[in-house]
Structures are given as C-alpha cells and as structure tokens.
Amino acid sequence: MARIFSGIQPSGELHIGNYLGAVKNWVALQHEQESFFCIVNYHAITVPYTPEELRRRTREMAISLLASGLDPARAAIFVQSDVPEHTELAWIFNTITPLGELERQVQFKDKSSKQEQVMAGLLNYPVLQAADILLYRADIVPVGEDQVQHLELSRVVARNWNARFSPDAPYFPEPQPRLTPTRRIVGLDGQAKMSKSLGNTISLLDPPTVVWDKLRPAVTDPARLRKTDPGEPERCKTIYQLHRAFSPAAVVAEVETKCRGAQWGCIECKQVLHEHLTAELAPIQERAAVLAAEPERVDALLADGAHRARAVARETMTTVRDRMGLA
Ligand code: ADP
C-alpha cells in the first residue's frame with residue numbers, strides 16, 4: 001500500500017482551485033491508500049500574519065476539509081505544529097540542501113518580490129515541505145501543478161539524504177506528484193492561477209449570491225465584445241474551465257455550441273454555470289455549518305489526527321537520528 005501526504009495552508013478560505021486541483025483527489029485517494037492530510041500552519045507564518053487570525057483560519061480550514069469529504073476514520077487530518085517532528089526534520093534537511101536549489105524556485109522568486117524584507121523562512125519553505133512529506137515516507141503527493149517544482153526538490157532532498165546516510169537501501173522514497181485533470185484553475189481575472197493571495201477566488205463556503213457577484217464580472221473570451229460575436233470557449237479561461245469541472249457533459253457540449261454560434265451571451269452561460277457550481281457546493285456548505293457549531297468536536301478530531309500522525313513521525317525520527325549519529 002502506497003502512502004499519501006498532502007498539505008494546505010490555513011492562510012485563507014479553501015477555494016475552488018484548491019478543491020479541484022488537490023482536495024477532490026484527497027477525498028478519492030483516502031479510500032485507496034494510507035493518507036495523511038496536514039494543515040500547514042508553519043508554512044503560513046513565512047509571510048506577515050496576525051496570530052488570532054491564524055488560529056481562527058486553522059480551524060476554519062479543518063472545517064472546510066472535513067465538509068469537503070475528508071474522513072477522519074480513513075485519513076489522519078491534523079495541524080502541522082501539533083507534530084513538532086516536522087520542524088526537526090526540516091532543520092536536518094537544511095543541512096543537506098544546496099542553496100542554489102532553493103534560490104531557483106519560482107514561488108520564492110514570486111513571493112519574495114512582493115515583500116519589503118525577505119525572511120529566511122520563505123527561502124527554506126520547500127525544505128520544510130520536503131520534511132512534511134518524507135516524515136511519513138510518502139510515495140504519492142496529490143497537489144496542483146504549482147507544487148510540482150517544490151516536489152522535485154523533495155526528491156533531491158530524499159536522494160541526498162539516502163546517498164549520505166542510507167546508501168545501501170534508500171530509506172526515503174522519492175515522492176511523486178499526483179495531479180487532477182484540473183491541475184491549474186485560473187482565477188476570476190482570467191489570467192493568474194486562482195490563489196488566496198491574489199483575491200481572484202471563489203470560496204467553497206461562498207453563498208450562492210456571493211458566487212454570482214463574483215461570476216458576473218469574471219473575464220471571459222477577451223475577443224468577444226458583443227453578444228452577437230461568436231466566442232471561442234478555449235479563450236474563455238475561467239468560465240469554460242469551470243463548466244468542464246462542475247457541469248454535466250451534455251451542458252458542456254451545449255456551452256461549446258452556443259458560445260461558438262453566438263446563441264448565448266456570456267451572462268446566460270454564467271447563469272448555467274452558477275446553477276451547477278452552487279449545486280455541488282450546497283452539501284459541502286451544509287456540512288460546514290454543522291461542524292462550525294461544534295468547535296470542540298473539530299478540535300478533538302484534529303487532536304486524534306495529530307496523535308496518529310505523530311506515531312509515524314516518531315518512528316521516522318528514531319531512524320533518522322540513529323543513522324546520523326544524533327542518538
Ligand atoms: P494557495 O495557492 O491558494 O495559497 P496552497 O498553496 O495552500 O493554496 O495550495 C493548496 C493546494 O491547492 C496545493 O496542492 C496547490 O497545488 C493546490 N492549488 C492551489 N491553487 C490552485 C489552482 N489555482 N489550481 C489548482 N490547484 C491549486
């Protein structure tokens with residue numbers, strides 16, 4: 001049986017990009033493999049934040065994940081800082097990771113260009129990520145496309161550590177990404193990836209009226225200026241992509257025909273999307289409302305998840321310390 005690990009930052013609401021790119025896969029894979037899903041709060045503190053908000057968002061993220069279908073009876077669902085072995089292994093991996101490997105990471109270049117002062121934690125973020133994954137000796141990491149480069153670094157770290165401390169039989173597996181068919185969801189601006197930090201998202205918990213307020217002005221085919229102009233669905237980055245993710249196949253076919261034939265305006269097309277999107281979100285939102293009313297239950301589920309994760313983490317660290325002469 002392969003092991004699965006994946007993480008998500010509690011830096012904002014769970015949006016449909018996270019859901020389609022990663023979380024939907026987590027829900028499916030938890031039935032097949034031994035799974036560990038982590039709310040990575042140590043990653044969320046690499047950029048400015050407020051402690052109170054972080055605490056609130058951590059619990060909100062747990063609620064959204066559980067409401068999306070993660071099942072604590074099948075997967076360990078936990079908060080990163082409840083398992084201190086993550087940071088211990090990250091320090092160890094820092095000592096075997098070449099600086100050049102970190103400096104060329106696209107996300108570091110992106111995020112650091114937006115900060116006045118760049119902290120070392122932002123540069124070392126993928127090292128902590130390697131520790132998150134390898135602590136559980138995970139083989140498969142279900143993520144969105146934006147994480148594929150980071151995962152390459154996790155493989156370099158695994159290889160470096162194995163070469164130095166476990167040359168005969170590799171102790172750490174080299175983890176592989178598992179992508180969904182919707183590996184990169186474009187934001188409502190029709191350009192950048194949908195991302196919490198860019199404010200171009202639809203949250204899983206947005207009520208139908210808010211979803212509509214966001215969909216209505218969303219960018220469509222930029223070449224289609226009037227309702228009577230024939231459109232090109234492939235140029236409509238967001239709405240067409242979301243139709244393919246949320247609408248039944250027959251509706252997607254209708255969208256293609258009516259867009260190309262200028263039989264539908266973009267607003268009509270968006271209304272149909274709204275109907276199918278909100279139908280998928282409705283049961284998630286109902287479950288989230290029930291969980292939000294029971295914070296103690298959510299905390300207990302997270303504590304149990306951390307307990308199970310920590311048993312595996314301790315085992316790994318015993319071997320790592322032993323092989324490295326630290327014990
Ligand atoms: P964000 O980029 O919004 O801050 P995270 O970095 O916490 O989100 O990512 C959580 C998971 O969601 C990762 O597996 C990531 O690859 C995936 N993900 C994030 N944004 C998108 C997107 N726009 N399309 C597909 N997957 C995404």
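This section describes the domain arrangement, the salt bridges and selected local features of a predicted model.

The chain is divided into two domains, of which domain 1 comprises residues 3–185 together with 295–324, and domain 2 comprises residues 208–288. The C-alpha centres of domain 1 and domain 2 are separated by 33 Å. Contact between the two involves 10 residues of domain 1 and 10 residues of domain 2. The size of an interface is often expressed as the accessible area that is lost when the parts come together. For domain 1 and domain 2, the area buried between them is about 860 Å², with 66% of it on carbon and sulfur atoms. On the side of domain 1, the residues that lose the most area to domain 2 are Ile16, Tyr19 and Ala67, which together account for 48% of what that side buries.

Polar interactions between the domains were also counted. Between domain 1 and domain 2 there are 4 residue pairs in polar contact, both residues being at pLDDT 80 or more. The elements of domain 1 that give two or more residues to the side touching domain 2 are α1 (16–29) and α3 (51–68). Of that side, the largest share comes from α1, with 4 residues. The count of salt bridges between domain 1 and domain 2 is 1. Lysine 24 and glutamate 280 form a salt bridge through their side chains, at an N to O distance of 3.2 Å.

In the structure as a whole, 22 salt bridges are found. Side chains of opposite charge can pair when their charged atoms come close. One of the salt bridges joins the side chains of glutamate 34 and arginine 3, at 3.0 Å from N to O. This pair links distant parts of the chain, with glutamate 34 in strand β2 (residues 34–39) and arginine 3 in strand β1 (residues 3–8), 31 residues apart. Glutamate 34 has a relative accessible area of 32% and is therefore classed as partly exposed.

A further salt bridge is formed by arginine 74 and aspartate 71, whose closest N and O atoms are 3.9 Å apart; the pair thus falls within the 4 Å cut-off applied to salt bridges. Arginine 74 is partly exposed, its relative accessible area being 43%. Aspartate 71 is likewise partly exposed, at 26% relative accessibility.

The side chains of aspartate 221 and arginine 235 meet in a salt bridge with an N to O distance of 2.9 Å.

Helix α10 (residues 237–246) contains histidine 243. With a relative accessible area of 0%, histidine 243 is buried, because the class applies under 20%. The histidine 243 side chain reaches the backbone oxygen of cysteine 269 at 3.1 Å. When neighbours within four places in sequence are left aside, the residues in contact with histidine 243 are Val251, Val252, Val255, Cys269, Val272 and Leu273.

Helix α8 (residues 148–165) was examined for its length and burial. At 1.5 Å a residue, the 18 residues of α8 should span 26 Å, and the end C-alpha atoms are 26 Å apart, in agreement with this expectation. An α-helix has 3.6 residues a turn, so residues three or four places apart point the same way. The buried residues of α8 are His150, Leu151, Leu153, Ser154, Arg155, Val156, Val157, Ala158, Trp161, Asn162 and Phe165.

Backbone geometry was considered at two loop positions. Most residues other than glycine have a negative phi. Arginine 137, however, has a positive phi, near 50°. Arginine 137 is located in the loop between α7 (120–134) and β4 (140–142), and its relative accessible area of 31% makes this residue partly exposed. Alanine 262 also has a positive phi, near 55°. Alanine 262 is placed in the loop between α11 (249–260) and α12 (266–292), and at 23% relative accessibility alanine 262 counts as partly exposed.

Terms used:
Residues numbered from 1 in each chain as written. Predicted model: local features only at pLDDT ≥ 70, side-chain atom pairs only at ≥ 80, totals over all residues. Heavy atoms only, no water. Expected span 1.5 Å × (residues − 1). Buried < 20%, exposed > 50% of the residue type's maximum accessible area, 1.4 Å probe, protein only. Polar contact = N/O pair within 3.5 Å; in protein donor to acceptor, adjacent residues only side chain to side chain. Contact = heavy atoms within 4.5 Å. Domains from an automatic or database assignment. Buried area = accessible area lost by both parts, 1.4 Å probe.
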